[in-house]
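Please work through each task before reading its solution.

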Amino acid sequence: MPIGPDPVAADHPTADRPVTADRPAAAARPPLRRRLLPVIALLLLAPWAAECSWGGFAIDDFLPVVIFLGPMYGGAAILIRETARHLGAGWPTIVLLAAAFGVLQAGLVDQSLFNSDFLDDTQYADTRAAAEATLVPGLEFSLRQAFDYVGNHIVLTICAPIVLIESFLGPERRLKPWLGRPGLAVVGVLYLLGSLLIFSDSSGRKNFLASPLQLAFAAVLVLVLVAVALLPRWRRARPRRSRRAPHPLWVGLPIVLVRLGADLTPGWAGVAIALALAAATGGLIAYWSSRSGWGQRHVLVSGSAGLVMAAAFAYLVPPYSPASPVAALAGDVAVTVITVALVGGAWWRLRRASPTVHVGAS
């Protein structure tokens, strides 16, 4: 993901740019209805992207997934996005908070990270042997599964929905907070209730409880990621490099290579390759985002390329639960249609409304 704090000069008043009496801050705020529309869209899109966009469910399960998991996944996406935008921070903060959420979800809520039986009642039971080939001694979790679980939460649950919704907004609203403290409190309660529902439901945590050491490890890792995400350095704008950023479509190529290369070989070697590719891609996109000409279309491609790849591979993977071939195929086709509509619509919106809006780098 791009790493800039994405400053827009008129977004927030500063000491050098006071709010004048003839244009108070409240007058510039859009009405509540307009501010709630992207919140609702993100609330619905996050659970669909997390669980349906890669073929995890047949088409008749889409609506129950969105309703049942919306408070947890959507609530987390909203809280992460709003935290970053209220702080004036950019994508480093969003990505790090997304990683913290991934660890929190897989390590403390459904505890799938530590439960070797978690997929035994699904059509992915045969992946258990591959997962156990990369068990971390003492903590007894699969590094392969950790990469997949946390990585998918970063890319699909948080970053892709945020970048899509923001790309549909005009440049004057894209980087501004949508909610005040009352709204954030409501979303926070919604997220906690959704997480508690998964933790207590028999199909959520599956009656498994991790050991105290495992829970402590996950909790400490979450706190470390949150602390790093909130560092002031992510809120400082830095000078742009003189070289121009590549065409936006080139930004998606490294992400495609990560997806194709992540499963080249099993075991520890495969995990090392996947981590190296992900780190190299993140560094490359960070470097590109510091060049002149980096804009929201670059952000859109880097944020949605993972979603596009997930939709493409949906035809090759089974849903969690057995489904008829017709329902499974209908779900995959629906995933393609929805993904193309979202990404294509956002691209069209950016070309039509703000073709030259640039995003600052940090």
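**Exercise 1.** Determine whether Lys-206 is buried, partly exposed or exposed.

Solution. Buried means under 20% relative accessible area, exposed over 50%, and partly exposed in between (1.4 Å probe, protein chains only). Lys-206 has a relative accessible area of 21%, so Lys-206 is partly exposed. The model is predicted: local features need pLDDT of at least 70 and side-chain atom pairs pLDDT 80 or more, while totals for chains, interfaces and linings use all residues. Residues are numbered from 1 along each chain as its sequence is written, and side-chain values use heavy atoms, without hydrogens and water.

**Exercise 2.** Locate Lys-206 and Glu-140, and state what phi is for Lys-206 and for Glu-140.

Solution. Step one: helices (H or I, at least four residues) and strands (E, at least two) are DSSP runs, numbered from the N terminus. Step two: Lys-206 lies in the loop between helix H8 (181-200) and helix H9 (212-229), and Glu-140 in the loop between helix H5 (128-132) and helix H6 (143-168). Step three: although not glycine, Lys-206 has a positive phi, near 60°, and Glu-140, also not glycine, has a positive phi near 55°. Step four: Glu-140 has 42% relative accessibility and therefore counts as partly exposed.

**Exercise 3.** State how many disulfides a search of the whole structure finds, and classify Cys-52 and Cys-159 by accessibility.

Solution. A disulfide is a pair of cysteine sulfur atoms within 2.5 Å; the search finds zero. Cys-52 has a relative accessible area of 0% and is therefore buried. Cys-159, at 0% relative accessibility, likewise counts as buried.
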